[in-house]
Amino acid sequence: MARASRWTKPDRAKMLKMVKNGVSEQDIRAAFTTKGGKGGQRTMNAGEFAQQLKQAMVEAGDIKQAPRKKQAAKPMDYKVTKTGRLTITDFSQLTGAKAGAAFVLEKPRGRSKAWRLVPV
């Protein structure tokens, strides 16, 4: 579960404005403080700065998350006939094998459970 941010949306907007005005990272980090582990004040660290700056840019609309370009390939179902033959309708497309090519089925090796189809 994600934890709540130490800085609010107006704080991030202020930070983005400071970045756009050319204020150095160290000065911005010194301006944004939080409570440390023992209750004292501490400045923002570099990781927090990067995370909050990115969130501020997203909120301002400067950067957008792009949708996935490529859809995941759907798995193809193959059937074994009653006589024990495997019907692979798109085998030549997947492997590039020509008509009349011969293959041997090898047992799994070691701890693997995958059977191998190897050209003769």
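**Note on the predicted model**

1. At 12% relative accessibility, Thr34 counts as buried (under 20% relative accessible area is buried, over 50% exposed, and in between partly exposed, with a 1.4 Å probe and protein chains only). Thr34 is part of strand 1, residues 33-35 (helices, H or I of at least four residues, and strands, E of at least two, are DSSP runs numbered from the N terminus). Leaving out residues up to four places away in sequence, Thr34 touches Arg6, Trp7, Gly40, Gln41 and Arg42 (contact means heavy atoms within 4.5 Å).

2. On the basis of the values: this is a predicted model, in which local features need pLDDT of at least 70 and side-chain atom pairs count only at pLDDT 80 or more, while totals for chains, interfaces and linings use all residues. Residues are numbered from 1 along each chain as its sequence is written, and side-chain values use heavy atoms, with hydrogens and water left out.

3. How do helix 1 and helix 3 lie relative to each other? The axes of helix 1 (residues 9-20) and helix 3 (residues 46-60) come within 9 Å and cross at roughly 95 degrees; axes are lines fitted to C-alpha atoms, for helices over the stretch in contact, and angles run from 0 to 180 degrees between N-to-C directions. The two helices are therefore roughly perpendicular (65 to 115 degrees; under 35 counts as roughly parallel, over 145 as roughly antiparallel and the rest as oblique).

4. On the helix 1 side, the residues that meet helix 3 are Lys9, Arg12, Met15, Leu16 and Val19. Their partners in helix 3 are Phe49, Gln52, Leu53, Gln55, Ala56, Met57, Glu59 and Ala60. The residues of this contact divide into eight nonpolar, two polar and three charged (Ala, Val, Leu, Ile, Met, Phe, Trp, Tyr, Cys and Pro count as nonpolar, Asp, Glu, Lys and Arg as charged, and the others, Gly among them, as polar).

5. Arg12, in helix 1, is buried at a relative accessible area of 10%. Apart from neighbours within four places in sequence, Arg12 is in contact with Ser5, Trp7, Gln52, Gln55, Ala56 and Glu59. Glu59, in helix 3, is partly exposed at 30%.

6. The largest pocket holds about 300 Å³ of space. A pocket is an open set of points on a 1 Å grid over the protein atoms alone, where a 1.4 Å probe fits, with protein on both sides within 12 Å along at least five of seven lines; lining residues have an atom within 4 Å of a point. Of its 14 lining residues, Arg3, Ala4, Ser5, Gln51 and Gln52 lie nearest the centre. Helix 3 gives the most to this lining, with seven residues. The lining divides into four nonpolar, four polar and six charged residues.

7. The second largest pocket has a volume of about 150 Å³, a volume being the space filled by probe spheres set on the points, which are joined across faces, edges and corners. Leu86, Ile88, Phe91, Phe103, Leu105 and Leu117 line this pocket. The lining has six nonpolar residues, no polar and no charged.

8. Asp90 lies in the loop between strand 4 (86-87) and helix 4 (91-95). At 14% relative accessibility, Asp90 counts as buried. Asp90 touches Met76 and Tyr78, not counting residues up to four places away in sequence. From C-alpha to C-alpha, Asp90 and Met57 are 47 Å apart, and they are 33 residues apart in sequence.
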